[in-house]
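Please look over the sequence and the structure shown below before reading on. The report then goes through them part by part.

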Amino acid sequence: MEPLRDEVVHASALTKTFAGTNAVDGIDLSIRRGEVFGFLGPNGAGKTSTMRMIACMSPRSSGDLLVRGLDPTFAGPEIRAGIGLVPQEDALDSEMSVFDNLVIYGRYFGLARREVRARAQVLLEFAQLADRASTKVDHLSGGMRRRLAIARSLISRPELVILDEPTTGLDPQARHLVWDRLFQLRSEGVTLIITTHYMDEAEQLCDRLVVMDRGRIVGEGTPRELIASTVPREVVELRLNPGATPALLVALKDHVERVEQLADRICCYGEDGDAILEAVIATGIHPLSSLVRRATLEDVFLALTGRQLIE
Amino acid sequence: MIAILRALPMGPTVTLSWRRSAHVIERNVMNYRRNWFYLVSGFFEPLFYLLAVGAGVGRLVGTVQTSGHSVSYAAFVAPGLLASAAMNGAIFDATYNFFFKLKVERTYEAMLATPLSVMDVAIGELGWTLVRGMLYAGGFLAIMAVFGDCHSYDAMLCLPAAMLITLAFAAIGLALTSYMSQWQHLGTVALAVLPLFLFSGTFYGLDAYPGWLQEVVRCSPLYQGVALLRALALGHLSALLLIHVLYLVLLILFGLFVVSRRLARVLTP
Ligand SMILES: Nc1ncnc2c1ncn2[C@@H]1O[C@H](COP(=O)(O)OP(=O)(O)OP(=O)(O)O)[C@@H](O)[C@H]1O
Ligand SMILES: [Mg+2]
């Protein structure tokens, strides 16, 4: 793979080894300028390890990596100068005020004090924290900290922002505020890399995404492509009396394209969910509950890995 | 010094920039803006010792002999207290505060996502302890001068010498702390500092000890600092003082080498 001109991140066979095991196991990536690129995967999939290599905070064990056209091994500070990172743990300065957190972070990038203060003011508005400027970070709620961490990552006006689980632990309203701000950044042409456990978030936000599992990429594309290419269009979720499952599966064999048996329910996939449900009723086996819905990234993940995204 | 630091075998990812290190100092200054009281309080401890021991006990003791000269006890003990002030100025930041930032606050992880490098962080923290140590040592030296405990203009050399002591304790403190994983480990710091303070020739000369113990105390970094400062404050200059200087410089380089390696391992695995 040769790096392309608009590639912000280019990786091939990128690997990270911790104590003999590959946390990231030979992945290829091509992230283009201006897109929102997602990493979806369960705990321990290697998302954070990948982010840290891209952010030049962790040397790669093998493979190739170019970020902003440069090699992290030799140009760490230079690359980081153009990156904003929102780490999985906020790593804010809890003894300092919200405003000071922004100011000192800007100073790390070598920005002039006056300039940093002006930018901090704007970012406080952006993150809806203007009325908290002099509050100690210790006294902020989790959602406010997250917003501050995002605001902080923008102080250097980076061309690439890496967000490691930006909305984990937030209430729905706070999540939507974060999404809104991320859309705003995208419209300004900033490249965003996001990791998440939430398939609705990935579907909403990402132009393209990869599904990671045990250090490998098991699927990639736009959310629509991934769904269309991996699973049938619709799903019927059934909860059944214990013991009824085998008989039903035999009876449905000709009506469904694939079946996933989960701990508490079975998922039947096909192009027409209602037709499947009719076939179920025709068998005379009555499910405890049933639900017909469109296939999502969650189903993609299940199909690709045989496991659920949030375990 | 720059050349030596740049030559330390750190691998290609580690770079050093004085300007970037300065922002680490700046962060600490901003952090202490709200807590300036704690900063100032550290200045009074050696001052109280100087009053109690130098002036108080000094009246009982009268004069003492040091390197063949007879001096007042206050003038004898003051440089020892100056060395301790330099040590104390360094040690709290290099241990407790450093541990807090490293393990609890993850301050350095945030820093390392910016252009700052591990070496910038190590040098920056060292620089901050130097700022703090100089505040204490400079103030104390001024008071010594007022009390007449500085016997020649050579005493001005006490300031750079106190800088060396501060840096040496800071570097060793940072290096040791980078290996600590729990708060309890920090308890060993107090356990080490108090005997150093009491037994490193601060309050009385080495001749109070039997021969073998004298050699042990000579190895103590604080003794090296005390001996250097005492000679400078009393104007007893000799080329042998360079041995103390060399000892302290080696300690600084060793500590810095260890801490930057450790930080690279811990923070950028
Ligand atoms: N510093 C480290 N030392 C040793 N092993 C590590 C280290 N960091 C990560 N790992 C291991 O690498 C694997 C991938 O971890 P990583 O943090 O990248 O996963 P993740 O996809 O971000 O998971 P999560 O969703 O829980 O954040 C895990 O098995 C983890 O235990
Ligand atoms: Mg993670």
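## Where the two chains meet

Across the interface of chain A and chain B, the rule finds 12 residue pairs in polar contact, both residues being at pLDDT 80 or more; a polar contact is a pair of N or O atoms within 3.5 Å, where within protein one must be able to donate a hydrogen and the other to accept it, and where residues adjacent in sequence count only if both atoms are side-chain atoms. On the side of chain A that touches chain B, β1 (7-18), α2 (72-80), β5 and α3 of chain A each supply at least two residues, and the largest share, six residues, comes from α3(A). By class, that side of chain A has 17 nonpolar, six polar and 11 charged residues, with Ala, Val, Leu, Ile, Met, Phe, Trp, Tyr, Cys and Pro counted as nonpolar, Asp, Glu, Lys and Arg as charged, and the others, Gly among them, as polar.

The contact (heavy atoms within 4.5 Å) takes 34 residues from chain A and 27 residues from chain B. Chain A and chain B bury about 2,700 Å² between them, 55% of it on carbon and sulfur atoms; this buried area is the accessible area (1.4 Å probe) that two parts lose on being put together, summed over both. Five salt bridges are counted between chain A and chain B, each a side-chain nitrogen of Lys or Arg within 4 Å of a carboxyl oxygen of Asp or Glu, and the side chains of Arg27(B) and Asp93(A) meet in a salt bridge at 2.5 Å, N to O.

## How the model is read

This is a predicted model, in which local features need pLDDT of at least 70 and side-chain atom pairs count only at pLDDT 80 or more, while totals for chains, interfaces and linings use all residues. Residues are numbered from 1 along each chain as its sequence is written, chains are lettered from A and ligands numbered from 1 in the order in which they are written, and side-chain values use heavy atoms, with hydrogens and water left out.

## Helix α3 of chain A

Helix α3 of chain A, residues 98-108, is mostly covered, since 11 of its 11 residues are buried, meaning under 20% relative accessible area, with exposed over 50% and partly exposed in between (1.4 Å probe, protein chains only). Among the buried residues of α3(A) are Phe99(A), Asp100(A) and Arg107(A). What covers them includes β5 (83-86), α4 (113-126) and α5 (142-153) of chain A, together with α2 (18-33) and α5 (107-112) of chain B.

## Chain B

Chain B has 11 helices and two strands, where helices (H or I, at least four residues) and strands (E, at least two) are DSSP runs, numbered from the N terminus. Buried residues make up 56% of the 269 residues in chain B.
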